Amino acid sequence: MNISTAFPSFDSLRRSQAAALLLVLAVLAIAWYLGALWLNSDLLIKGYERRSIDWTFGQLISDAYSMKRPLLPTPDQIGAELYKSIFDTKVSSKRSLVYHSGITLSSTLLGFLLGALLGILLAIGIVHSRTLERSLMPWVITSQTIPILAIAPMIIVVLGAMNFTGVLPKAIISMYLSFFPVTIGMVKGLRAPEKLHMELLATYSASSEQVFRKLRWPSAMPYLFASLKIAIAASLVGAIVGELPTGAQGGLGSRLLSGSYYGQTIQIWSALVVAAVLGAVLVAVVGYFEKRVNRRMGSQL
(Lines give C-alpha, C1' and ligand atoms only; values in the text may rest on other atoms or scores of the structure.)
Protein backbone atom coordinates (compact mmCIF):
# COMPACT_ATOMS: atom_id res chain seq x y z
CA MET A 1 0.00 0.00 0.00
CA ASN A 2 1.27 3.45 -0.90
CA ILE A 3 1.87 5.56 2.19
CA SER A 4 0.85 8.75 0.37
CA THR A 5 -2.59 7.27 -0.31
CA ALA A 6 -2.99 5.73 3.12
CA PHE A 7 -2.52 9.02 5.00
CA PRO A 8 -3.90 12.43 3.96
CA SER A 9 -1.37 15.00 2.87
CA PHE A 10 -0.69 18.16 4.84
CA ASP A 11 -2.34 20.34 2.18
CA SER A 12 -5.53 18.26 2.15
CA LEU A 13 -5.63 18.27 5.95
CA ARG A 14 -5.21 22.01 6.02
CA ARG A 15 -7.97 22.46 3.41
CA SER A 16 -10.32 20.24 5.42
CA GLN A 17 -9.60 22.24 8.58
CA ALA A 18 -10.22 25.52 6.73
CA ALA A 19 -13.49 24.15 5.35
CA ALA A 20 -14.59 23.04 8.82
CA LEU A 21 -13.76 26.48 10.22
CA LEU A 22 -15.72 28.22 7.45
CA LEU A 23 -18.67 25.90 8.08
CA VAL A 24 -18.67 26.71 11.80
CA LEU A 25 -18.47 30.44 11.08
CA ALA A 26 -21.33 30.18 8.59
CA VAL A 27 -23.51 28.33 11.10
CA LEU A 28 -22.72 30.93 13.78
CA ALA A 29 -23.52 33.79 11.39
CA ILE A 30 -26.87 32.25 10.41
CA ALA A 31 -27.74 31.61 14.06
CA TRP A 32 -26.76 35.21 14.92
CA TYR A 33 -28.96 36.71 12.20
CA LEU A 34 -31.89 34.49 13.19
CA GLY A 35 -31.41 35.46 16.82
CA ALA A 36 -31.33 39.15 15.91
CA LEU A 37 -34.55 38.75 13.92
CA TRP A 38 -36.25 36.94 16.79
CA LEU A 39 -35.20 39.43 19.50
CA ASN A 40 -35.71 42.61 17.48
CA SER A 41 -38.99 41.61 15.82
CA ASP A 42 -40.94 41.51 19.09
CA LEU A 43 -40.01 45.13 19.82
CA LEU A 44 -40.89 46.17 16.25
CA ILE A 45 -44.26 44.42 16.27
CA LYS A 46 -45.24 46.21 19.49
CA GLY A 47 -44.26 49.49 17.84
CA TYR A 48 -46.34 48.69 14.75
CA GLU A 49 -49.36 47.87 16.89
CA ARG A 50 -48.96 50.97 19.03
CA ARG A 51 -48.88 53.20 15.93
CA SER A 52 -51.53 51.14 14.07
CA ILE A 53 -49.18 50.37 11.16
CA ASP A 54 -49.89 47.53 8.78
CA TRP A 55 -46.75 45.50 8.28
CA THR A 56 -45.49 42.60 6.24
CA PHE A 57 -42.94 39.91 7.04
CA GLY A 58 -40.49 41.40 4.53
CA GLN A 59 -40.79 44.82 6.16
CA LEU A 60 -40.29 43.22 9.56
CA ILE A 61 -37.06 41.56 8.42
CA SER A 62 -35.77 44.79 6.86
CA ASP A 63 -36.53 46.86 9.94
CA ALA A 64 -35.15 44.21 12.33
CA TYR A 65 -31.78 44.32 10.58
CA SER A 66 -31.59 48.13 10.36
CA MET A 67 -32.67 49.29 13.83
CA LYS A 68 -30.57 52.07 15.33
CA ARG A 69 -30.91 50.61 18.83
CA PRO A 70 -31.52 46.88 18.38
CA LEU A 71 -31.67 44.43 21.23
CA LEU A 72 -29.17 42.30 19.33
CA PRO A 73 -27.21 44.01 16.53
CA THR A 74 -26.22 42.02 13.47
CA PRO A 75 -22.56 41.30 12.60
CA ASP A 76 -22.65 43.78 9.70
CA GLN A 77 -23.90 46.55 12.02
CA ILE A 78 -21.11 45.80 14.47
CA GLY A 79 -18.58 45.71 11.62
CA ALA A 80 -19.79 49.06 10.30
CA GLU A 81 -19.50 50.59 13.78
CA LEU A 82 -16.00 49.17 14.18
CA TYR A 83 -14.88 50.58 10.83
CA LYS A 84 -16.39 53.96 11.65
CA SER A 85 -14.89 54.23 15.15
CA ILE A 86 -11.46 52.84 14.18
CA PHE A 87 -10.71 54.03 10.64
CA ASP A 88 -13.10 56.94 10.00
CA THR A 89 -12.46 58.67 13.33
CA LYS A 90 -9.32 60.47 14.45
CA VAL A 91 -7.30 58.57 17.02
CA SER A 92 -7.35 61.57 19.35
CA SER A 93 -11.16 61.74 19.27
CA LYS A 94 -13.12 60.38 22.22
CA ARG A 95 -15.32 58.58 19.71
CA SER A 96 -12.37 56.50 18.54
CA LEU A 97 -12.05 52.97 19.85
CA VAL A 98 -8.31 53.22 19.29
CA TYR A 99 -8.22 56.12 21.76
CA HIS A 100 -10.22 54.17 24.35
CA SER A 101 -8.19 51.00 23.75
CA GLY A 102 -4.97 52.91 24.43
CA ILE A 103 -6.26 54.11 27.79
CA THR A 104 -7.37 50.62 28.81
CA LEU A 105 -4.13 49.10 27.54
CA SER A 106 -1.98 51.40 29.68
CA SER A 107 -3.81 50.34 32.85
CA THR A 108 -3.73 46.70 31.76
CA LEU A 109 0.01 46.59 31.16
CA LEU A 110 0.90 48.44 34.37
CA GLY A 111 -1.39 46.21 36.43
CA PHE A 112 -0.03 43.11 34.70
CA LEU A 113 3.57 44.05 35.45
CA LEU A 114 2.76 44.81 39.09
CA GLY A 115 0.72 41.63 39.44
CA ALA A 116 3.38 39.45 37.82
CA LEU A 117 6.10 40.92 40.02
CA LEU A 118 4.00 40.51 43.16
CA GLY A 119 3.03 36.95 42.23
CA ILE A 120 6.64 35.90 41.58
CA LEU A 121 7.88 37.42 44.83
CA LEU A 122 5.10 35.78 46.84
CA ALA A 123 5.79 32.41 45.21
CA ILE A 124 9.50 32.62 45.96
CA GLY A 125 8.77 33.46 49.59
CA ILE A 126 6.18 30.68 49.92
CA VAL A 127 8.49 28.05 48.43
CA HIS A 128 11.48 28.97 50.59
CA SER A 129 9.66 29.59 53.88
CA ARG A 130 7.24 27.21 55.54
CA THR A 131 6.03 30.05 57.76
CA LEU A 132 5.15 32.23 54.78
CA GLU A 133 3.39 29.32 53.14
CA ARG A 134 1.18 28.74 56.16
CA SER A 135 0.47 32.42 56.72
CA LEU A 136 0.23 33.79 53.15
CA MET A 137 -1.24 31.03 51.01
CA PRO A 138 -4.67 30.98 52.71
CA TRP A 139 -4.95 34.75 52.30
CA VAL A 140 -3.87 34.57 48.66
CA ILE A 141 -6.64 32.07 47.97
CA THR A 142 -9.21 33.94 50.09
CA SER A 143 -8.51 37.19 48.23
CA GLN A 144 -10.01 35.75 45.06
CA THR A 145 -13.34 34.96 46.73
CA ILE A 146 -14.16 38.69 46.98
CA PRO A 147 -16.13 39.85 43.90
CA ILE A 148 -14.13 42.39 41.93
CA LEU A 149 -17.27 44.46 41.30
CA ALA A 150 -17.61 44.88 45.08
CA ILE A 151 -14.01 45.81 45.81
CA ALA A 152 -13.31 47.98 42.74
CA PRO A 153 -15.35 51.02 43.94
CA MET A 154 -13.67 50.79 47.34
CA ILE A 155 -10.22 50.87 45.76
CA ILE A 156 -11.17 53.81 43.53
CA VAL A 157 -12.61 55.82 46.43
CA VAL A 158 -9.74 55.12 48.87
CA LEU A 159 -7.01 55.91 46.34
CA GLY A 160 -8.96 58.95 45.15
CA ALA A 161 -9.04 60.27 48.72
CA MET A 162 -5.25 59.88 48.75
CA ASN A 163 -5.03 61.91 45.51
CA PHE A 164 -4.16 58.84 43.43
CA THR A 165 -6.24 59.09 40.28
CA GLY A 166 -5.91 58.20 36.62
CA VAL A 167 -4.10 55.02 35.63
CA LEU A 168 -2.92 53.86 39.08
CA PRO A 169 -6.29 52.89 40.67
CA LYS A 170 -7.26 50.87 37.59
CA ALA A 171 -3.81 49.27 37.54
CA ILE A 172 -4.23 48.24 41.20
CA ILE A 173 -7.49 46.49 40.30
CA SER A 174 -5.74 44.77 37.39
CA MET A 175 -2.92 43.73 39.71
CA TYR A 176 -5.46 42.32 42.18
CA LEU A 177 -6.82 39.98 39.50
CA SER A 178 -3.53 39.08 37.84
CA PHE A 179 -1.24 38.27 40.78
CA PHE A 180 -3.19 35.16 41.84
CA PRO A 181 -2.57 32.91 38.79
CA VAL A 182 1.10 33.95 38.74
CA THR A 183 1.50 33.10 42.42
CA ILE A 184 -0.15 29.68 42.13
CA GLY A 185 1.64 28.84 38.87
CA MET A 186 5.05 29.84 40.17
CA VAL A 187 4.62 27.92 43.44
CA LYS A 188 3.85 24.84 41.37
CA GLY A 189 6.74 25.55 39.00
CA LEU A 190 9.35 26.23 41.66
CA ARG A 191 8.45 22.91 43.27
CA ALA A 192 8.52 21.06 39.94
CA PRO A 193 12.18 19.83 40.03
CA GLU A 194 12.52 16.14 40.77
CA LYS A 195 13.87 15.05 44.13
CA LEU A 196 16.78 13.32 42.42
CA HIS A 197 17.93 16.59 40.87
CA MET A 198 17.64 18.40 44.18
CA GLU A 199 19.73 15.71 45.87
CA LEU A 200 22.32 15.91 43.08
CA LEU A 201 22.84 19.63 43.69
CA ALA A 202 22.99 18.96 47.42
CA THR A 203 25.90 16.56 46.86
CA TYR A 204 27.76 19.41 45.17
CA SER A 205 27.05 21.64 48.20
CA ALA A 206 25.04 24.04 46.07
CA SER A 207 23.68 27.06 47.93
CA SER A 208 19.98 27.97 47.97
CA GLU A 209 20.69 30.74 45.48
CA GLN A 210 22.42 28.32 43.11
CA VAL A 211 19.61 25.77 43.42
CA PHE A 212 17.10 28.51 42.64
CA ARG A 213 19.03 29.93 39.68
CA LYS A 214 20.13 26.67 38.07
CA LEU A 215 17.21 24.36 38.82
CA ARG A 216 14.08 25.88 40.30
CA TRP A 217 13.82 28.93 38.02
CA PRO A 218 14.37 27.07 34.70
CA SER A 219 11.91 24.37 35.80
CA ALA A 220 9.30 27.02 36.58
CA MET A 221 9.37 28.68 33.13
CA PRO A 222 6.55 26.61 31.56
CA TYR A 223 4.37 27.25 34.60
CA LEU A 224 5.26 30.94 34.62
CA PHE A 225 4.26 31.61 31.03
CA ALA A 226 1.08 29.54 31.34
CA SER A 227 0.09 31.65 34.34
CA LEU A 228 1.14 34.90 32.62
CA LYS A 229 -1.28 34.20 29.77
CA ILE A 230 -4.10 33.89 32.28
CA ALA A 231 -2.85 36.90 34.23
CA ILE A 232 -2.74 39.30 31.29
CA ALA A 233 -6.29 38.38 30.28
CA ALA A 234 -7.42 38.89 33.88
CA SER A 235 -5.55 42.18 33.97
CA LEU A 236 -7.51 43.42 30.96
CA VAL A 237 -10.76 42.51 32.68
CA GLY A 238 -9.61 44.35 35.80
CA ALA A 239 -8.77 47.49 33.83
CA ILE A 240 -12.20 47.51 32.18
CA VAL A 241 -13.97 46.91 35.51
CA GLY A 242 -11.90 49.69 37.08
CA GLU A 243 -13.27 52.14 34.53
CA LEU A 244 -16.89 51.43 35.46
CA PRO A 245 -17.37 52.72 39.05
CA THR A 246 -16.21 56.28 38.39
CA GLY A 247 -17.79 56.75 34.97
CA ALA A 248 -14.37 57.38 33.49
CA GLN A 249 -14.18 59.56 30.40
CA GLY A 250 -11.81 57.21 28.62
CA GLY A 251 -11.30 53.49 28.18
CA LEU A 252 -13.30 50.56 26.89
CA GLY A 253 -15.12 50.39 30.22
CA SER A 254 -16.38 53.95 29.82
CA ARG A 255 -17.43 53.07 26.28
CA LEU A 256 -19.47 50.17 27.60
CA LEU A 257 -20.93 52.34 30.36
CA SER A 258 -22.00 55.18 28.05
CA GLY A 259 -23.50 52.66 25.64
CA SER A 260 -25.59 51.11 28.42
CA TYR A 261 -26.74 54.54 29.62
CA TYR A 262 -28.09 55.56 26.22
CA GLY A 263 -29.15 52.13 24.95
CA GLN A 264 -26.47 52.05 22.24
CA THR A 265 -26.17 48.29 21.91
CA ILE A 266 -24.13 48.54 18.73
CA GLN A 267 -21.57 50.66 20.60
CA ILE A 268 -21.53 48.13 23.45
CA TRP A 269 -20.94 45.18 21.11
CA SER A 270 -18.20 46.98 19.17
CA ALA A 271 -16.37 47.76 22.42
CA LEU A 272 -16.74 44.12 23.48
CA VAL A 273 -15.28 42.93 20.17
CA VAL A 274 -12.31 45.29 20.52
CA ALA A 275 -11.74 44.11 24.10
CA ALA A 276 -11.80 40.48 22.96
CA VAL A 277 -9.36 41.15 20.13
CA LEU A 278 -7.09 43.14 22.45
CA GLY A 279 -7.09 40.27 24.94
CA ALA A 280 -6.22 37.76 22.22
CA VAL A 281 -3.36 39.97 21.01
CA LEU A 282 -1.95 40.35 24.53
CA VAL A 283 -2.05 36.58 25.10
CA ALA A 284 -0.35 36.06 21.74
CA VAL A 285 2.40 38.52 22.71
CA VAL A 286 3.05 36.57 25.91
CA GLY A 287 3.14 33.38 23.81
CA TYR A 288 5.70 35.00 21.50
CA PHE A 289 8.00 35.79 24.41
CA GLU A 290 7.48 32.27 25.71
CA LYS A 291 8.81 30.85 22.44
CA ARG A 292 11.78 33.23 22.53
CA VAL A 293 12.66 32.24 26.09
CA ASN A 294 12.26 28.52 25.32
CA ARG A 295 14.52 28.88 22.30
CA ARG A 296 17.22 30.62 24.34
CA MET A 297 16.98 27.90 26.99
CA GLY A 298 17.37 25.20 24.34
CA SER A 299 13.83 23.88 24.68
CA GLN A 300 12.15 22.35 21.63
CA LEU A 301 8.63 23.23 22.81
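Mentor: Let us begin with a term: helices (H or I, at least four residues) and strands (E, at least two) are DSSP runs, numbered from the N terminus. The model is predicted, so local features need pLDDT of at least 70 and side-chain atom pairs count only at pLDDT 80 or more, while totals for chains, interfaces and linings use all residues. Residues are numbered from 1 along each chain as its sequence is written, and side-chain values use heavy atoms, with hydrogens and water left out.

The part to look at is the loop between α9 (195-203) and α10 (208-242), where Ser205 is placed. Most residues other than glycine have a negative phi. Ser205, although not a glycine, has a positive phi of about 60 degrees. Ser205 counts as exposed because its relative accessibility is 62%, where exposed means over 50% relative accessible area, buried under 20% and partly exposed in between (1.4 Å probe, protein chains only).

Ser52 is not a glycine, yet it has a positive phi of about 55 degrees, and because its relative accessibility is 65%, Ser52 counts as exposed.

For a serine within a helix, look at Ser178, which is found in α8 (residues 167-190). Ser178 has a relative accessible area of 0%, and is therefore buried. Leaving aside residues up to four places away in sequence, Ser178 touches Gly111, Phe112, Gly115, Ala231 and Ser235, where contact means heavy atoms within 4.5 Å.
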